[in-house]
Amino acid sequence: MTTISSALPAQSSGSASSEIAGIYRQITKLTQQLKELADSSLGADEKQKQQELIQSQIEMLQAQLAMLQSKQLEKSQQEQQQKVEGVNRPSADNQIDIYI
């Protein structure tokens, strides 16, 4: 009988890139389970139920992956904006008034 592992990763305080890598590993494992399911000796109904379950887990992981990638992109854009501010491009907090 085919065993289906949990598709939801444990929430950790790790970086987004390590979480993304973990999700990719889980998707790979689930894809492998789908391949093994085709060769298993389960009945047609049981195979279809297992296949639908694995596919729904993969879809959830893909949605989570898209969300993490979006957050990572947003974070990098914010970091770029912060780097732009400075002496040559002062922000409201980083501005010098000169009176002559």
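Me: How many helices and how many strands does the secondary structure of the protein chain come to?
Reply: Happy to start there. This is a predicted model. Its secondary structure, for the protein chain, comes to 2 helices and 0 strands.

Me: Where is Leu37 found, and is Leu37 buried or exposed?
Reply: Leu37 sits in helix H1, which covers residues 16–38. Buried means under 20% relative accessible area. Leu37 has 4% relative accessibility, so Leu37 counts as buried.

Me: Which backbone oxygen does the side chain of Ser40 reach, and at what distance?
Reply: Ser40 belongs to the loop between H1 and H2. With a relative accessibility of 18%, Ser40 counts as buried. Its side chain reaches back to the backbone oxygen of Leu37, at 2.8 Å.

Me: What separates the C-alpha atoms of Leu37 and Gln48?
Reply: Leu37 is part of helix H1. Along the chain, Leu37 and Gln48 are 11 residues apart, and the separation of their C-alpha atoms is 9.3 Å.

Me: Which element gives the largest share of the largest nonpolar core?
Reply: That core has 9 residues: Ile20, Ile23, Ile27, Leu30, Ile54, Ile58, Leu61, Leu65 and Leu68. Two elements, H1 and H2, each give two or more residues to this core. The largest share is 5 residues, and the element supplying them is H2.

Me: Why might nonpolar side chains be buried together?
Reply: In soluble globular proteins, nonpolar side chains tend to be buried together. Here, one of the residues in the largest nonpolar core is Ile27. At 13% relative accessibility, Ile27 counts as buried.

Me: Which residues does Ile27 touch, leaving out those up to four places away in sequence?
Reply: Ile27 is located in helix H1. Contact here means heavy atoms within 4.5 Å. Once residues up to four places away in sequence are set aside, Ile27 touches Ile58, Leu61 and Gln62.

Me: Is Gln55 buried, partly exposed or exposed?
Reply: Gln55 lies in helix H2. Residues under 20% relative accessible area are buried and those over 50% are exposed, with partly exposed in between. Gln55 has a relative accessible area of 34%, so Gln55 is partly exposed.

Me: How far apart in space are Ile27 and Gln55, C-alpha to C-alpha?
Reply: Ile27 is in helix H1, while Gln55 is in helix H2. In sequence, Ile27 and Gln55 are 28 residues apart, and from C-alpha to C-alpha the distance is 9.7 Å.

Me: And what separates the C-alpha atoms of Gln55 and Thr31?
Reply: Gln55, in helix H2, is 24 residues from Thr31 along the chain. Their C-alpha atoms are separated by 8.5 Å.

Me: Which residues form a nonpolar patch on the surface?
Reply: Let's turn to the segment after helix H2 (44–84), where Ile96 has its place. Ile96 is exposed, because its relative accessible area is 72%. The patch has about 480 Å² of accessible area together, and its residues are Ile96, Ile98 and Ile100.

Me: What percentage of the residues of the protein chain count as buried?
Reply: The protein chain exposes about 8000 Å², and carbon and sulfur atoms supply 50% of that area. The chain has 100 residues, and the share of them that count as buried is 22%.

Key
Residues numbered from 1 in each chain as written. Predicted model: local features only at pLDDT ≥ 70, side-chain atom pairs only at ≥ 80, totals over all residues. Heavy atoms only, no water. Patch = residues over 30% accessible without salt bridge, like charges linked within 9 Å, V, L, I, M, F, W, Y side chains within 5 Å. Areas by Shrake-Rupley, 256 points an atom, 1.4 Å probe, with all protein chains shown as cover. Salt bridge = Lys/Arg side-chain N within 4 Å of Asp/Glu carboxyl O. Helix = DSSP H or I, 4+ residues; strand = E, 2+ residues; numbered from the N terminus. Buried < 20%, exposed > 50% of the residue type's maximum accessible area, 1.4 Å probe, protein only. Polar contact = N/O pair within 3.5 Å; in protein donor to acceptor, adjacent residues only side chain to side chain. Core = buried A, V, L, I, M, F, W, Y, C linked by side-chain atoms within 4.5 Å.
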